[in-house]
Every structure is written in structure tokens, then in C-alpha cells.
Amino acid sequence: MAQNPSAEARILEESNRVLGQRTSSSLTIPSMEELRKMHYLQGAVYETLRLYPPVQMDSKFAKNDDVLPDGTYVKKGTRVAYHPYAMGRMETIWEPDCLEFKPERWLNNDGVLVPENPYRYPVFQAGVRPCLGKDMGLLAMKVVAITLIKQFHIKLANPSWAPHFIPGLTATLKGGMPVVVTERLV
Ligand code: HEM
């Protein structure tokens with residue numbers, strides 16, 4: 001958000017429409033019903049996870065000889081990896097503007113969120129064993145994001161800062177993201 005003021009403005013506009021202009025003293029946690037109406041916020045969360053997936057790479061071992069849907073033969077015991085970080089940045093999946101942060105790419109012409117096929121967006125894995133905590137994780141991200149954005153201005157300490165993504169079992173940012181936080185006075 002700190003690098004995308006127009007997206008932050010749209011999230012605030014949407015939250016003011018759905019939640020009303022709450023001051024920081026009257027701020028309460030949004031209800032499930034209210035969060036469901038906040039399609040742009042949901043798009044922003046999906047977009048963040050597309051560019052910075054917490055599980056950036058994953059792999060499986062073939063229990064038996066197998067053939068993938070595209071015809072690739074996989075011998076028993078072979079390790080097959082998939083890479084959500086790379087897939088989130090592929091033009092063939094996300095169009096030439098795939099490196100841009102655009103929550104609106106998740107919305108249809110009526111502003112309604114359209115989820116992506118999990119095989120093209122495997123941030124929570126696809127198939128018969130996807131993440132069991134997906135809805136809980138998304139809910140937590142939305143609640144934390146909207147609560148912070150409504151209450152605080154969060155600016156980069158160094159405006160030219162760029163994220164340095166560190167791949168690991170779960171992803172982190174090198175050196176964190178130093179920010180300056182001030183209270184948003186409505
Ligand atoms: C943004 C947050 C999250 C992401 C990106 C994420 C991603 C994933 C991925 C990629 C897998 C598949 C791992 C594999 O089989 O190799 C997975 C599995 C799983 N996740 Fe999450 N997860 C998130 C949050 C959570 C939360 C909050 C919970 C619990 C409250 C949770 C519970 C689980 C469980 C139990 C599995 C194993 C499912 C199974 O093997 O049947 N996850 N998650």
C-alpha cells in the first residue's frame with residue numbers, strides 16, 4: 001500500500017462506503033458480512049499473495065509412475081516442483097502487466113471479485129489437499145489490513161526502498177520493511 005497510494009485510496013473509499021466513516025475511536029473489527037462486500041480489498045490481498053506468495057515453492061514426490069495432464073511422463077519417486085512465485089509473474093498467466101500491483105485485475109466489470117483457477121494461482125495449492133486454513137488466512141489478512149489502513153498512515157521510511165524477497169520454506173523480506181506510522185486523523 002505504501003508504494004501504491006491509488007490502491008490505498010480505493011480501499012479507503014470502499015471501506016468508507018461499506019463501514020461508514022468511522023473515526024479511530026469508533027473503529028471496530030468489520031463483520032464477515034461487511035468484509036464480503038469489500039471486493040477491492042479482497043483483490044488487493046490476492047494481488048499481494050500473487051506477487052509475494054508466502055509458500056513460494058513447493059514439491060511432491062510421485063508415489064507411482066504417472067502422466068501429467070500435458071502428457072509429461074513422471075517416473076515413480078521423481079520430485080515434481082511447482083513455483084507460485086514464478087507463476088505469479090508469468091505473462092502467459094497474468095498478461096504483460098503481471099509485474100504491476102493491480103487489485104482491479106481480480107474484479108469483473110461490476111466490481112465483483114472473480115477468484116482465479118487454483119491451478120493457475122496455486123498460492124494455497126490446488127487439487128485434493130489444498131490449504132485447510134485458506135479462508136482463515138484470507139480473513140485475518142483482510143481484517144488486519146483494513147484495521148491498519150483505516151487507523152494509520154503507513155509510509156516507507158525510505159521512498160526508494162524496494163522489496164528484497166528471500167525464498168525459504170516460507171518467504172520473508174530481507175531487512176524487513178522500515179516504515180513510518182502516524183495516526184490517521186479523520
Ligand atoms: C496466507 C496464508 C497461507 C498460505 C499462503 C498457505 C499456503 C499453504 C500451502 C501452499 C499448503 C500446501 C502445502 C503442501 O501440501 O505442500 C498449505 C497446507 C496447509 N495449510 Fe496453509 N497457508 C496459509 C495459512 C494457513 C492457516 C492460517 C492455516 C490454519 C489455520 C493453514 C493450515 C494448513 C493445513 C492444515 C495444511 C495441510 C493441508 C493438507 O495437507 O491436507 N494454512 N497451506
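**Ligand shell, helix packing and selected residues**

The shell around the ligand divides into seven nonpolar, three polar and two charged residues. Here Ala, Val, Leu, Ile, Met, Phe, Trp, Tyr, Cys and Pro count as nonpolar, Asp, Glu, Lys and Arg as charged, and the others, Gly among them, as polar. The model is a predicted one: local features need pLDDT of at least 70, side-chain atom pairs count only at pLDDT 80 or more, and totals for chains, interfaces and linings use all residues. Residues are numbered from 1 along each chain as its sequence is written.

Which residues are around the ligand? They are Pro54, Val55, Asp58, Val123, Phe124, Gln125, Arg129, Cys131, Leu132, Gly133, Met136 and Gly137.

Gln125 sits in the loop between H5 and H6. The phi angle of Gln125 is near 65°. That value is positive, in a residue other than glycine. Gln125 counts as partly exposed, because 17 C-beta neighbours lie inside 10 Å. The classes are set by the number of other C-beta atoms within 10 Å: 20 or more for buried, 12 or fewer for exposed, and partly exposed in between, with C-beta atoms placed from the backbone.

The confidence values come next. For the complex, the predictor gives an ipTM of 0.96 and a pTM of 0.93.

The protein chain has six helices and eight strands. These are DSSP runs numbered from the N terminus (helices are H or I, at least four residues; strands are E, at least two). From the N terminus, the order of elements is α-α-α-β-β-β-β-α-α-α-β-β-β-β. Along the principal axes, the C-alpha atoms of the protein chain fill a box of roughly 60 × 35 × 30 Å. The chain holds 186 residues, and buried residues make up 14% of them. Consider contacts between residues at least 6 apart in sequence. Of these, 63% join residues at least 24 apart. A contact requires C-beta atoms, placed from the backbone, within 7 Å.

Two packed helices are described by the angle between their axes and the distance between the axes. Axes are lines fitted to C-alpha atoms, for helices over the stretch in contact, and angles run from 0 to 180 degrees between N-to-C directions. Helix H1 spans residues 5–19, and helix H6 spans residues 134–151. Their axes come within 10 Å and cross at roughly 95°. H1 and H6 are therefore roughly perpendicular to each other, a term that covers 65 to 115 degrees. On the H1 side, Glu8, Ile11, Leu12 and Ser15 take part. They meet Ile146, Ile149 and Lys150 in H6. By class, this contact has four nonpolar, one polar and two charged residues.

H1 also packs with helix H3, residues 39–51. The angle is about 145°, and the axes are 8 Å apart. Ala7, Arg10, Ile11 and Glu14 in H1 meet Tyr40, Leu41 and Ala44 in H3. This contact has five nonpolar, no polar and two charged residues. Ile11 takes part in the contact with H6 and in the contact with H3.

Glu13 is found in helix H1. Is Glu13 buried or exposed? Glu13 counts as exposed, because it has 11 C-beta neighbours inside 10 Å. Glu13 and Lys155 are 142 residues apart along the chain. Their C-alpha atoms are separated by 19 Å.

Glu91 lies in helix H5. With 10 C-beta neighbours inside 10 Å, Glu91 counts as exposed. Leaving aside neighbours within four places in sequence, Glu91 is in contact with Pro96 and Cys98. Glu91 and Pro103 are twelve residues apart in sequence. From C-alpha to C-alpha, they are 16 Å apart in space.

Glu95 is found in the loop between helix H5 (91–94) and H6. Phi of Glu95 is near 75°, a positive value in a residue other than glycine. Glu95 counts as exposed, with 11 C-beta neighbours inside 10 Å.

His83 lies in the loop between strand E4 (79–82) and helix H4 (84–87). His83 counts as partly exposed, because it has 16 C-beta neighbours inside 10 Å. His83 and Thr28 are 55 residues apart in sequence. Their separation in space is 38 Å, C-alpha to C-alpha.

Technical notes: Near = placed C-beta within 6 Å. Parallel < 35°, antiparallel > 145°, perpendicular 65-115°, else oblique. Contact = placed C-beta atoms within 7 Å.
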